[in-house]
Amino acid sequence: MLQISSECAAPARIIVMENEVYRLPQTHREIKVVSGIAWITLDQQDIILESPEKASLPPSKNFALISPLNNMPLILAVWEDKNPVRT
């Protein structure tokens, strides 16, 4: 039986267009900006990431909200948490 290791799993690709807001699932904790500039809000804190920056988001009961800046589409790579916290 073939099993896929989460360490080798490919990231999900997300495209957020101008004037859109994306709600990142709580199970996704690693994020990399492939193209554009991301404005990320989580737990009343804002983070700005530019390509090719990467960040680890802390576990939270809230969703991270992501918007593109500079009137350009945003392309993200996101990875799911290997050990999600169950509440």
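Two strands count as paired here if DSSP finds at least two bridges between them. Keep that in mind as we walk through this structure, which is a predicted model.

Let's start with one of its sheets. Four strands make an open sheet in the order S1-S8-S3-S6, and the pairing is antiparallel. S1 and strand S6 (54–56) are at the edges, each with a single partner strand, so one side of each has no neighbour in the sheet. On average, neighbouring strands here are turned by 25 degrees against each other, direction ignored.

Now zoom in on the pairings. Strand S1 (residues 12–16) runs antiparallel to strand S8 (residues 74–80), and five bridges link the two. If you look for isoleucine 14, you'll find it opposite leucine 76 in S8. Strand S8 also pairs with strand S3 (residues 28–35), again in the antiparallel sense, this time over six bridges.

Take a look at S2 and strand S7 (residues 64–68), which pair in the antiparallel sense over three bridges. Here tyrosine 22 has isoleucine 66, in S7, as its bridge partner. These two are 44 residues apart along the chain, yet their C-alpha atoms are separated by 5.1 Å.

Let's stay with isoleucine 66 for a moment. Is it buried or exposed? Isoleucine 66 counts as buried because its relative accessibility is 0%, and the cut-off for buried is under 20%. Leaving out residues up to four places away in sequence, isoleucine 66 touches Val16, Glu20, Val21, Tyr22, Leu24, Ile31, Ala38, Trp39, Ile40, Leu74 and Leu76.

In soluble globular proteins, nonpolar side chains tend to be buried together. In this model, the largest nonpolar core has 16 residues, and Ile31, Ile40, Ile66 and Leu76 are the ones with the most contacts inside it. Which elements give two or more residues to this core? They are S1, S3, strand S4 (37–42), S7 and S8.

Setting aside neighbours within four places in sequence, leucine 76 is in contact with Ala12, Arg13, Ile14, Ile31, Lys32, Val33, Val34, Ala38 and Ile66.

Finally, check out the aromatic rings. How many aromatic pairs are there? By the rule used here, the count is zero. Rings do turn up alongside charges, though: the charged end of arginine 23 sits over the ring of phenylalanine 63, 4.0 Å from its centre. Lysine 54, for its part, lies over the face of tryptophan 79, at 4.3 Å from the ring centre.

Terms used
Residues are numbered from 1 along each chain as its sequence is written. This is a predicted model: local features need pLDDT of at least 70, side-chain atom pairs count only at pLDDT 80 or more; totals for chains, interfaces and linings use all residues. Side-chain values use heavy atoms; hydrogens and water are left out. Rings of Phe, Tyr and Trp (its six-membered ring) pair if their centres lie within 6.5 Å; planes under 30 degrees apart count as stacked, over 60 as edge-to-face and the rest as tilted. A charge sits over a ring if NZ of Lys or CZ of Arg is within 6 Å of the ring centre and within 35 degrees of the ring normal. Buried means under 20% relative accessible area, exposed over 50%, partly exposed in between (1.4 Å probe, protein chains only). Contact means heavy atoms within 4.5 Å. A nonpolar core is a set of buried Ala, Val, Leu, Ile, Met, Phe, Trp, Tyr and Cys residues joined through side-chain atoms within 4.5 Å. Axes are lines fitted to C-alpha atoms, for helices over the stretch in contact, and angles run from 0 to 180 degrees between N-to-C directions.
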